[in-house]
Every structure is written in C-alpha cells, then in structure tokens.
Amino acid sequence: RAAGMPSRVRTLVRRARIRPGAHLRVRLACRRGERLLHSGSGVGFFTRRPPSDRVVEALAHRHARSGRVTRTVATGPAGVGDNERVELHVVVQCER
C-alpha cells in the first residue's frame, strides 16, 4: 500500500456469548462488490484458571466459508459458562 493511500481492507469482528447447552450460529459476510480475503474463529475463556479438559473437548465449534459469507456454529456443553465468561469470536477481512 502506498503512503497516504486509504486501506482497501476492511476487518469485521463479531463476538457472541456461549451459554450452557445452547446452539449458537453466527453469520458474517462482506458487502456486495467486496472479496473475502480471510476468515477465522475461536473460543475465548475468560477465567482465572484454565478450563477443564472435559469442557474444552465437549465444546463443539465449526467454521465454514462460502463465497463472501462465513458461517460459524458453536454448542456449549452443560457446565460451560457457569462460573466464567465464554465467547465465540469471528473475524472476517474483506477487500474493496
């Protein structure tokens, strides 16, 4: 990118809280005329101690992209988010 030129890349971020036993769907897309460069997702545990292996293994998380749209699905097992905040983070980078 040349100095002083505006960026042609736009970054979108969406966060959603994961609740015990709830099925969560997040859809994030680029605008018409934009191209999807990169997308990704992850789960964040906001706790003082790391989550147990049982909770991490039981958490279902899937991310897929098609064209300029991404779809992310997460399901929290029983016990996740009882004493801590657990969030799904989805990131999309679009080129104008």
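Let's start with Cys 30. With 3% relative accessibility, Cys 30 counts as buried. Buried means under 20% relative accessible area, exposed means over 50%, and partly exposed is in between, using a 1.4 Å probe and protein chains only.

A word on the model. It is predicted, so local features need pLDDT of at least 70 and side-chain atom pairs count only at pLDDT 80 or more, while totals for chains, interfaces and linings use all residues. Residues are numbered from 1 along each chain as its sequence is written, and side-chain values use heavy atoms, with hydrogens and water left out.

Which cysteine does Cys 30 join? A disulfide links Cys 30 to Cys 94, S to S 2.0 Å. The cut-off for a disulfide is a pair of cysteine sulfur atoms within 2.5 Å. Cys 30 lies in the loop between E2 and strand E3 (35-46), and Cys 94 in strand E6 (residues 85-95), so the pair ties together parts 64 residues apart in sequence. Strands are DSSP runs of E, at least two residues, numbered from the N terminus. Cys 94 is buried too, at 0% relative accessible area. The S-S torsion of Cys 30 and Cys 94 is about -85 degrees, so this disulfide is left-handed. Searching the whole structure gives 1 disulfide.

Now the sheet. It is open, has 3 strands, and runs E2-E5-E4 with antiparallel pairing. Two strands pair if DSSP finds at least two bridges between them. Strands E2 (23-29) and E4 (60-66) stand at the edges, each with a single partner, so one side of each has no neighbour in the sheet. E2 and E5 (residues 69-75) are joined by 7 bridges. Val 26 has Thr 72 in E5 as its bridge partner.

How values were computed
Helices (H or I, at least four residues) and strands (E, at least two) are DSSP runs, numbered from the N terminus.
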